[in-house]
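Please find below a colleague's note on the model under review. It is set out as numbered points, each of which may be checked against the coordinates.

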Amino acid sequence: MKKIKRAAAIHDISCFGRCSLTVALPILSAAGVNCSVVPTAVLSTHTGGFDGFTYRDLTEDILPIARHWQSLRLKFDALYSGFLGSTAQVDILREFFKLFHRPETIILIDPVMGDNGKLYKTFSQDFPHEMAKLCHMADLITPNMTEAALLLNEPYHKGPHTQAYIETTIKKLAALGGKSKQVVLTGVYFCENELGAAAYDGSKVYYAMAEKISQHYPGTGDVFASVLLAALLNGANLSTGMEQAVAFVSDCIKDTHESGADPRFGVHFEHMLMSPKNI
């Protein structure tokens with residue numbers, strides 16, 4: 001019998017909207033991965049396009065959860081972090097990773113902190129520097145183009161991009177903190193009708209592109225990183241996992257766009273999960 005892999009997903013819970021734990025948990029579960037969750041915050045909705053949302057910081061709960069798990073001698077094949085509720089949680093996640101990291105454990109950090117060239121308003125200006133230090137511990141990071149610029153403390157380039165720029169950027173990201181790591185960079189595009197990602201495995205840069213639809217949907221980065229991690233835990237290499245994630249997100253966006261749904265509500269990933277070939 002095939003061993004069921006176990007991942008710890010450390011993200012916020014947005015009670016309405018498809019992002020963070022409300023996509024990570026079902027996607028990983030559908031892929032046959034046992035997903036344990038550590039909420040970093042609870043929001044009534046995600047922050048993309050909604051006003052007046054409630055927000056509860058769960059910083060004080062993270063380490064007690066971790067220590068209880070440690071007392072149970074739980075082991076994880078992946079530690080997967082996304083949106084953090086505060087700068088203080090960066091140091092807490094360092095401790096969390098130290099408690100549960102083993103040589104065979106994948107640490108995937110999705111450095112969620114900005115989009116469209118801007119830092120999210122929920123974060124202070126020192127947050128990118130702290131996030132960059134957390135990324136030192138990662139085996140794999142999945143920033144978008146805005147987050148890449150913030151991590152490297154470089155100007156944001158909207159695009160279209162050149163291959164030389166992407167490959168220089170992705171190799172700089174791989175060397176963050178002096179520890180060689182794998183990188184998947186999202187939001188890459190070389191022409192106006194295609195959008196995708198680039199992956200660097202330490203020796204070669206790979207690309208995966210899909211048709212670009214000019215509509216922004218919150219949470220697609222969370223969907224992407226969750227599909228990528230699911231693929232890796234099921235034996236895919238980095239380039240194949242990236243290709244699967246790009247295709248899955250592209251199909252979700254097309255389905256949602258064709259339905260005419262409110263973009264603020266996120267993409268219809270549920271439809272894609274109904275087809276086993278997608279995960």
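1. Basis of the model. The model is predicted, so local features need pLDDT of at least 70 and side-chain atom pairs count only at pLDDT 80 or more, whereas totals for chains, interfaces and linings use all residues. Residues are numbered from 1 along each chain as its sequence is written, and side-chain values use heavy atoms, with hydrogens and water left out. Helices (H or I, at least four residues) and strands (E, at least two) are DSSP runs numbered from the N terminus.

2. Salt bridges overall. The structure holds 11 salt bridges, each being a side-chain nitrogen of Lys or Arg within 4 Å of a carboxyl oxygen of Asp or Glu. Side chains of opposite charge can pair when their charged atoms come close. Three of these pairs are taken up in the next points.

3. K3 and D77. A salt bridge joins the side chains of K3 and D77, with an N to O distance of 3.7 Å. Because K3 lies in the segment before β1 (6-14) and D77 in the loop between α2 (59-71) and β4 (78-81), the pair ties together parts that are 74 residues apart in sequence. The accessibility classes are buried (under 20% relative accessible area), exposed (over 50%) and partly exposed (in between), with a 1.4 Å probe and protein chains only. K3 counts as exposed at 55% relative accessibility, while D77 is buried, with a relative accessible area of 9%.

4. K172 and E154. The closest N and O atoms of the salt bridge between K172 and E154 are 2.7 Å apart. K172 lies in helix α6 (residues 163-174) and E154 in the loop between α5 (145-152) and α6, so this pair ties together parts that are 18 residues apart in sequence. K172 is partly exposed, with a relative accessible area of 36%, and E154 counts as partly exposed at 28%. Elsewhere, salt bridges that share partners join K3, D77, R102 and E104 into one network.

5. Packing of α5 and α6. Two packed helices are described by the angle between their axes and the distance between the axes. Here the axes are lines fitted to C-alpha atoms over the stretch in contact, and angles run from 0 to 180 degrees between N-to-C directions. Helices α5 and α6 pack at about 55°, with their axes 10 Å apart. Angles under 35 degrees count as roughly parallel, over 145 as roughly antiparallel, 65 to 115 as roughly perpendicular and the rest as oblique; α5 and α6 are therefore oblique to each other. Their crossing is left-handed, meaning that the near helix is turned anticlockwise from the far one by less than a right angle.

6. Residues between α5 and α6. M145, A148, L151 and L152 in α5 meet Y165, I166, T169, K172 and L173 in α6, contact being heavy atoms within 4.5 Å. By class, this contact of α5 with α6 has 7 nonpolar, 1 polar and 1 charged residues. In this scheme Ala, Val, Leu, Ile, Met, Phe, Trp, Tyr, Cys and Pro count as nonpolar, Asp, Glu, Lys and Arg as charged, and the others, Gly among them, as polar.

7. Packing of α3 and α4. How are α3 and α4 oriented to each other? Their axes come within 10 Å and cross at roughly 5°, and the two helices are therefore roughly parallel. V90, L93, R94 and F97 in α3 meet F127, E130, K133 and L134 in α4. The residues of the α3 contact with α4 divide into 5 nonpolar, no polar and 3 charged.

8. R94 and E130. R94 lies in helix α3 (residues 88-100) and counts as buried at 17% relative accessibility. Neighbours within four places in sequence aside, R94 is in contact with E130, K133, L134 and M137. With E130, R94 forms a salt bridge whose closest N and O atoms are 3.9 Å apart. E130 lies in helix α4 (residues 127-135) and R94 in helix α3, so the pair ties together parts that are 36 residues apart in sequence. E130 also counts as buried, at 14% relative accessibility.

9. Two loop residues. G117, in the loop between β6 (114-115) and β7 (118-119), counts as partly exposed at 34% relative accessibility. H268, in the loop between α8 (238-259) and α9 (269-273), counts as buried at 12%. Not counting residues up to four places away in sequence, H268 touches R18, C252, D255, T256, S259 and A261, and G117, with neighbours within four places left aside, is in contact with T146 and Y156.
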